[in-house]
Amino acid sequence: MSELVALLLLLGAFSGFLAGLLGVGGGLIIVPALLYLLAPSVDQSILMHTSIGTALAAIVFTSISSLYAHQRHGAILWDNFKKLAPTILLGSFTGALLVKYMSFDFLRLFFAFFEISVALILWFGVTASSHADNLSRWAWSITGYFIGLISAMVGIGGGTMTTPFLVYNNVNIKNAIATSASVGMPIAIAGSIGFMITGSSQALPTGGIGFINFEALVAIVATSIFFAPLGAKVTHAVDSKKLKKGFSIFLGFLAVMVLFY
């Protein structure tokens, strides 16, 4: 086993566990790591694109595994999923198409500042404490579109945005995390398809189809599908809020790594 494969397996295990545990974190960890791990084999001009596309493809499998674990606890609110999913699919696919026209540095800075924002939200415990049970269908649809759009542009399953939105709509935090995990599946599927399509038209190799690197994808998925359910199981046994400050420091560190790449 090569050193690269070993590191990718560890990355999958770590990111999968945290994604299941906190409902956030998969892509926020995978993208910065791939930025460094894929650098020797992927041209810098498409390195960020490939890191994001590969992270989304990995989340397809992680979200299915995590979704199953949360469903066993009966924690997913499928009515809320149905309200968000259609426009989340559209937004995620649109985001993947737009990324093709963005430079490496723009994507790198956009990702870093998004990750810093998430770290600050987790550190200060910012959450939506109000309730809005009667939001219109349009409000759900527009929110879903923007969650999908931004998620595809930074390579995440959308939990950092979906969970606060659901809490705002009077959803229990554990149900919000579980439902966010389910929403990650359409985000990842639509985004991955978009990254394969947009990346297939460029000449530089990525080690796969379009902006998805197969070696990294297979290695990450091989361990993440086992550790995501473990994280989801632990979520229902511990107070995950206590873990978020430590995670916010880690995200800040990753953001700095991306900023100074």
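How many residues does helix α8 have, and how far does helix α8 reach from its first C-alpha to its last? The views below take this up, along with other details.

This is a predicted model, in which local features need pLDDT of at least 70, side-chain atom pairs count only at pLDDT 80 or more, and totals for chains, interfaces and linings use all residues. Residues are numbered from 1 along each chain as its sequence is written, and side-chain values use heavy atoms, with hydrogens and water left out.

**View 1. Helix α8, residues 173-199.** Helix α8 has 27 residues and reaches 37 Å from its first C-alpha to its last. That is close to the 39 Å expected at 1.5 Å a residue (1.5 Å times one less than the number of residues). Helices are DSSP runs of H or I, at least four residues, numbered from the N terminus. Of the 27 residues of α8, 19 are buried, so the helix is largely enclosed by the rest of the structure. Buried means under 20% relative accessible area, exposed over 50%, and partly exposed in between, with a 1.4 Å probe and protein chains only. At the start of α8, a side-chain oxygen of Asn-172 comes to within 2.9 Å of the backbone nitrogen of Lys-174.

**View 2. A nonpolar patch on the surface.** Leu-97, Ile-189, Ile-193 and Ile-197 form the patch, with about 300 Å² of accessible area together. Helix α8 gives the largest share, three residues. Ile-193, found in α8, is partly exposed at 38% relative accessibility.

**View 3. Phe-14 and Phe-250, an edge-to-face pair.** The structure holds eight aromatic pairs. Rings of Phe, Tyr and Trp (its six-membered ring) pair if their centres lie within 6.5 Å; planes over 60 degrees apart count as edge-to-face. Phe-14 and Phe-250 are 5.5 Å apart centre to centre, with 85° between the planes. Phe-14 lies in helix α1 and Phe-250 in helix α10, so the pair ties together parts that are 236 residues apart in sequence.

**View 4. Trp-78 and Phe-81, an edge-to-face pair.** Trp-78 is partly exposed at 33% relative accessibility, whereas Phe-81 is buried at 14%.

Conventions: Helices (H or I, at least four residues) and strands (E, at least two) are DSSP runs, numbered from the N terminus. A polar contact is a pair of N or O atoms within 3.5 Å; within protein, one must be able to donate a hydrogen and the other to accept it, and residues adjacent in sequence count only if both atoms are side-chain atoms. Patches are made of residues with over 30% relative accessible area and no salt bridge: like charges are joined within 9 Å, nonpolar side chains (Val, Leu, Ile, Met, Phe, Trp, Tyr) within 5 Å. Accessible areas come from the Shrake-Rupley method with a 1.4 Å probe; for residues, only the protein chains shown count as cover. A salt bridge is a side-chain nitrogen of Lys or Arg within 4 Å of a carboxyl oxygen of Asp or Glu. Rings of Phe, Tyr and Trp (its six-membered ring) pair if their centres lie within 6.5 Å; planes under 30 degrees apart count as stacked, over 60 as edge-to-face and the rest as tilted.
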